[in-house]
Amino acid sequence: MTEAVEYDVVVLGAGPTGENVADRVRAGGLSAAVVEGELVGGECSYWACMPSKALLRPAITRADARRVPGVRQAVQGPLDADAVLAHRDEYASHWKDDGQVAWLDSTGARFYRGRGKLHGPRTVVVEGPEGEHHVLKARHAVAVCTGSRALLPDLPGLAGAKAWTSREATSAHAVPDRLAVVGGGVVGVEMATAWQALGSRVTLLVRGDGLLPRMEPFVGEHVADALAEAGVDVRLNTDVSAVVRDGGTGPVTLVLGDGARIEADEVLFATGRAPRTDDIGLDTVGLESGRWLTVDDSCRVEGSEWLYAVGDVNHRALLTHQGKYQARIAGAAIVARSQGVPLLETDRWGAHAATADTAGAPQVVFTDPEVGAVGLSLAEAQAAGHRVRAVDQDLTSVAGAGLYADGYRGRARMVVDLDREVLLGVTFVGPGVGELLHSATIAVVGEVPIDRLWHAVPSYPTISEIWLRLLEAYRQG
């Protein structure tokens, strides 16, 4: 039996969340080991945030330029797909993690490359790539930061069809002539935007009656209209019942619920996420493998004194920045508990409570138009029992929008808690609105009173002047 090596904290998973847990506990004076079987840096660095935004940026830049007089004539040609894909490769570090390993080493954490599994309380067994075997014991905590993976539906023919998931969609090295995208969530609409701009003929198949269904309804309407205008064949209320691709090569045929067929060169299924907890030994500590892990606000697994689940695996907010936020919260909680602090700061906005996951998580969708949203939608606020009022404004009501682009289209909404007169949520849709979102996040998380926001004067002529229009409409209502 290999002799166990002890650390204060053992982290399973070296994506952004796991890296930050290790960094925070090291900053608090604890020793840490980090185990990763794939690339250090995780999904975000190689198959999600970074490569997807590198693919999308040229598409958005060209779309914006085509709306500006004096520039549009210079950018009428196609994108240089080879240059875009090469730029994407750079931002994915050519799928090599040397730089991220060096950063992790700089924190003082010990890195173990291999497949890590729980083997009873506070124990992790690591099977290395060349037969190495390590047993790690955690004095204070094991943090599961293994993230999530694409969830594929159970459809006839799909298993052998070699369909794209988000990984293939962000790392492909050739532009398919015809691309079918199944799913109207963030991955579906972003990848439809990117690959259409690169030259694919894209068909977007959506089971529901709108895109981005977790956001305000007007968001999906704006995005659907823009995708259609760009040339995407957007089909709502459409089910896929089977996939046909003999031998996993050549064209792929999608059989729809009504019996119709669509042929494409590649198909992307963007139909949800599942936790990477199916093979990490949860059964050895009395938990069910393959399930999301339920945690308290400090990200400690319910019923455990030592096991934490941070990032996607706890299903609180499947966003890279929220995983890193949770890592800061969990890291601080682990350090405090290791020091015997009798009472943690678990009040609503305390140092050991990841409150923003449910009250103020921001998200940008990098489509054309962009979407920025933070906090609760109107429907979510009403379902939670708040007495609220939605205030809407057309973004064309401010001079900055017209200066940004000819024919600018967009909309803003703030959801006001009428009892406290603070904002519960804010949503923007329109070109360039992603950079508006942090001001909204501060207003929501800071619970800034409407009367104080009245004194936060937006610069003229910027799109952020929409804040003044929203506040004026609220006061006049």
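Guide: Rings of Phe, Tyr and Trp (its six-membered ring) pair if their centres lie within 6.5 Å, and the planes count as stacked under 30 degrees apart, edge-to-face over 60 and tilted for the rest. There are five aromatic pairs in the structure. One of them is tilted, because the rings of Trp-164 and Trp-195 have centres 5.6 Å apart and planes at 55°. This pair links distant parts of the chain, 31 residues apart: Trp-164 is in the loop between strand 7 (148-150) and helix 6 (166-171), whereas Trp-195 belongs to helix 7 (residues 186-197). Helices (H or I, at least four residues) and strands (E, at least two) are DSSP runs, numbered from the N terminus. Both Trp-164 and Trp-195 are buried (under 20% relative accessible area; exposed is over 50%, partly exposed in between; 1.4 Å probe, protein chains only).

The model is predicted: local features need pLDDT of at least 70, side-chain atom pairs count only at pLDDT 80 or more, and totals for chains, interfaces and linings use all residues. Residues are numbered from 1 along each chain as its sequence is written, and side-chain values use heavy atoms, leaving out hydrogens and water.

Trp-195 leads on to helix packing. The axes of helix 3 (residues 49-65) and helix 7 come within 9 Å and cross at roughly 65° (lines fitted to C-alpha atoms over the stretch in contact; angles run from 0 to 180 degrees between N-to-C directions). Trp-195 takes part in this contact on the side of helix 7, together with Glu-190, Met-191, Thr-193, Ala-194 and Ala-197 (contact: heavy atoms within 4.5 Å). Helix 3 contributes Ser-52, Lys-53, Leu-55, Leu-56, Ala-59, Ile-60 and Arg-62.

Helix 3 also packs against helix 4 (residues 81-91), at an angle of about 150° with the axes 8 Å apart. The two helices are therefore roughly antiparallel (over 145 degrees; under 35 is roughly parallel, 65 to 115 roughly perpendicular, the rest oblique). Here helix 3 uses Met-50, Pro-51, Ala-54, Leu-55 and Pro-58, while helix 4 supplies Val-84, Leu-85, His-87, Arg-88 and Tyr-91.

In the loop between helix 14 and helix 15 lies Pro-461, which a cis peptide bond joins to Tyr-460, with omega about -5°. The loop between helix 13 and helix 14 holds Glu-447, whose phi is positive, near 50°, although the residue is other than glycine. Glu-447 counts as partly exposed, at 22% relative accessibility.
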